[in-house]
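Biologist: Hi, I'm new to this one. Could you put it on the screen and walk me through it?

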Amino acid sequence: IERAIEMGVYALIGHDTDKAKQTIDYDMDIDHMERDIEALCMKLLLQQQPVARDLRQISSALKMITDMERFSLRCVHVFYNYFIFPLSLVLHPSNH
């Protein structure tokens, strides 16, 4: 996540489409991590039946991965609107 943020900032500051594309690629990695963490949390909930502190930790992990995914999607939308959409207007002005 930190690498995606860093790459995204550099992409915006430097108007660098390659870094923007890398940031979008990081979103796919983040999606995979989210699914893996969510699956692990569900497995723990179903198999271990945690209570109190352990349940709070699992619940917190689920909330964090949701926030991370939301942030990642917002970054993708920013880059799409900043880099991709304006480029499509230039290349195909009659489609918009």
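Modeller: Happy to! Helices (H or I, at least four residues) and strands (E, at least two) are DSSP runs, numbered from the N terminus. Read that way along the sequence, the protein chain has the pattern α-α-α. This is a predicted model, in which local features need pLDDT of at least 70 and side-chain atom pairs count only at pLDDT 80 or more, while totals for chains, interfaces and linings use all residues. Residues are numbered from 1 along each chain as its sequence is written, and side-chain values use heavy atoms, with hydrogens and water left out.

Biologist: Thanks! How many helices and strands is that in total?

Modeller: The count for the protein chain is 3 helices and 0 strands.

Biologist: And how much of the chain counts as buried?

Modeller: Of its 96 residues, 24% do. Buried means under 20% relative accessible area, exposed over 50%, and partly exposed in between, with a 1.4 Å probe and protein chains only.

Biologist: What about contacts between residues 24 or more positions apart?

Modeller: Those make up 58% of the contacts in the protein chain with a separation of 6 or more. Contact here means heavy atoms within 4.5 Å.

Biologist: Can you show me an example? Which residues does Ser72 touch?

Modeller: Leaving aside neighbours within four places in sequence, Ser72 is in contact with Asp27 and Ile30. Ser72 sits in helix α3 and is buried, at 5% relative accessible area.

Biologist: Now Glu34, please. Is that one buried or exposed?

Modeller: Glu34 counts as buried, with 18% relative accessibility. This residue belongs to helix α2, and it touches Ile65, Thr66 and Glu69, not counting residues up to four places away in sequence. Glu34 and Glu69 are 35 residues apart in sequence, yet their C-alpha atoms are 7.1 Å apart in space.

Biologist: Switching to charges: how many salt bridges are there?

Modeller: There are 2 salt bridges. The rule asks for a side-chain nitrogen of Lys or Arg within 4 Å of a carboxyl oxygen of Asp or Glu. In general, side chains of opposite charge can pair when their charged atoms come close.

Biologist: Which residue does Asp67 pair with?

Modeller: Asp67 pairs with Arg70, and their closest N and O atoms are 2.9 Å apart. The two are 3 residues apart in helix α3 (residues 52–91), so about one helical turn separates them. Asp67 is partly exposed at 43%, and Arg70 is partly exposed at 40%.

Biologist: And where's the other pair?

Modeller: Asp16 forms a salt bridge with Lys19, with 3.7 Å between the closest N and O atoms. Asp16 is partly exposed at 23% relative accessibility, and Lys19 is partly exposed too, at 28%.

Biologist: Okay, new topic. Which residues make the nonpolar surface patch?

Modeller: Ile1, Ile5, Val9, Ile13, Met33, Ile37, Met68 and Phe71 make a patch of about 650 Å². The elements giving two or more residues are α1 (2–14), α2 (17–48) and α3, and α1 gives the most, with 3 residues. Patch residues have over 30% relative accessible area and no salt bridge; like charges are joined within 9 Å, nonpolar side chains (Val, Leu, Ile, Met, Phe, Trp, Tyr) within 5 Å. Areas come from the Shrake-Rupley method with a 1.4 Å probe, and for residues, only the protein chains shown count as cover.

Biologist: Last one: how many disulfides?

Modeller: The count is 0 disulfides, a disulfide being a pair of cysteine sulfur atoms within 2.5 Å. Cys41 is buried at 5%, and Cys75 is buried at 19%.
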